[in-house]
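I opened this model to go through its strands, its cavity, its surface and its charged pairs. My entries follow in the order in which I looked things up.

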Amino acid sequence: MKNIIIIIVLIVTNLSFAQSEEHKEKFRTLEPDIWLGIWDKDNSSKEIKIDSLSYNDIPKSLDFKGTVVEALKWNDTNGENILIQTVTGNFTWMDYEKDSTDYTLKDKAELYAYLFIKSSNENEYKKKWRLYDYIECYSLDWFIGYAPKATTITDLDNDGITEIAMPYVLMCRGGMDPGNMKIIMFEDSSKYALRGETMLMCGNENAYGGEYEASTNLEKKPKFNTFLKQHWDRNKCEEGKYY
């Protein structure tokens, strides 16, 4: 009996040690940022001086959630702007049934974007807006994230207030269906959007997907509408993307 107890203790000790070492290794490899090349320099306004910030360059007073994939800084008539784009990565989420303690385990991931502005007569940045989206999935193939080299900073209507356009995709599928795609554009606090599907088999006669619907407020913004339609065509294809 004594030998059995010793063996059990050794097994538990070894398991605890292995788990401890595994946790230490995960902790050592934690990173606050993963730079994925989200900024589209070519289609951003050349007249605006835009700087890419490292994680250490981001003011510590700014409050945001997630792992940083892009951080940009520039000036317009509103003041000094800082855009921070983040993702959370995948985690397990408990989907509770209505009025019940029963739940189903699902995969979930979230996406955020924040605009902070410091005006010329202020010393601190203030949050102008926050973009939030998420995917809940119980499937083989799922993802949420920003399209690579696709976020633009522009001033299409030359009013001194910049527009920020951010294409991203949401996928939950088990076959060859297109994913969901959105381009969200902000000018000041106004929000515009294209929402639709990614395209598969691009450049092929059998290509499918790629359709979208535009928000109704774009009807009064022809320059925004034209730019976003062109930007959709630039980014709708899944081929060659990391997702």
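Which residue in β4 does methionine 94 stand opposite? I found leucine 105 in β4 opposite methionine 94.

Before going on I noted the basis of the work. This is a predicted model, in which local features need pLDDT of at least 70 and side-chain atom pairs count only at pLDDT 80 or more, while totals for chains, interfaces and linings use all residues. Residues are numbered from 1 along each chain as its sequence is written, and side-chain values use heavy atoms, with hydrogens and water left out.

Entry: the open sheet.
I traced an open sheet of 5 strands in the order β1-β2-β3-β4-β5, with antiparallel pairing. Strands here are DSSP runs of E with at least two residues, helices are runs of H or I with at least four, and both are numbered from the N terminus. I took two strands as paired if DSSP finds at least two bridges between them. β1 and β5 (126–137) stand at the edges with a single partner strand each, so one side of each has no neighbour in the sheet.

I then went through the pairs. β1 and β2 are antiparallel over 2 bridges, and serine 52 has leucine 72 in β2 as its bridge partner. β2 and β3 are antiparallel over 9 bridges, with threonine 67 opposite valine 87 in β3. A hairpin of 2 residues joins β2 to β3. β3 and β4 pair in the antiparallel sense over 15 bridges. Their hairpin has 6 residues between the strands, and aspartate 99 in the turn has a positive phi of about 55 degrees.

Entry: the surface patch.
I looked up leucine 105 again, which lies in strand β4. Met94, Tyr96, Tyr103 and Leu105 form a nonpolar patch on the surface, with about 400 Å² of accessible area together. A patch takes residues with over 30% relative accessible area and no salt bridge, joining like charges within 9 Å and nonpolar side chains (Val, Leu, Ile, Met, Phe, Trp, Tyr) within 5 Å. The areas come from the Shrake-Rupley method with a 1.4 Å probe, and for residues only the protein chains shown count as cover. β3 (79–96) and β4 each supply at least two residues of the patch.

I found β9 (residues 180–187) joined to β10 (residues 190–197) by 8 bridges, the two running antiparallel. Isoleucine 184 stands opposite alanine 193 in β10. Their hairpin has 2 residues between the strands, and aspartate 188 there takes a positive phi near 60 degrees. β10 also pairs with β13 (residues 212–214), antiparallel over 3 bridges, and arginine 195 stands opposite glutamate 213 in β13.

Entry: the cavity.
How many cavities of 30 Å³ or more does a search of the whole structure find? I got 1. A cavity is a set of points on a 1 Å grid over the protein atoms alone where a 1.4 Å probe fits but cannot get out, and lining residues have an atom within 4 Å of a point. The largest cavity holds about 50 Å³ of space. Its lining includes Trp74, Asn78, Phe186 and Asp188. β2 (67–76), β4 (103–118) and β9 each supply at least two lining residues.

Entry: salt bridges.
I counted 14 salt bridges in the whole structure, each a side-chain nitrogen of Lys or Arg within 4 Å of a carboxyl oxygen of Asp or Glu. In one of them, aspartate 42 meets lysine 149 at 3.2 Å, N to O. This pair links distant parts of the chain, 107 residues apart: aspartate 42 is in the loop between α1 (2–28) and β1 (51–52), and lysine 149 is in the loop between β6 (141–146) and β7 (152–154).

Methods. On a 1 Å grid over the protein atoms alone, a cavity is a set of points where a 1.4 Å probe fits but cannot get out, and a pocket is an open set with protein on both sides within 12 Å along at least five of seven lines; lining residues have an atom within 4 Å of a point. Grid points are joined across faces, edges and corners, and a volume is the space filled by probe spheres set on the points.
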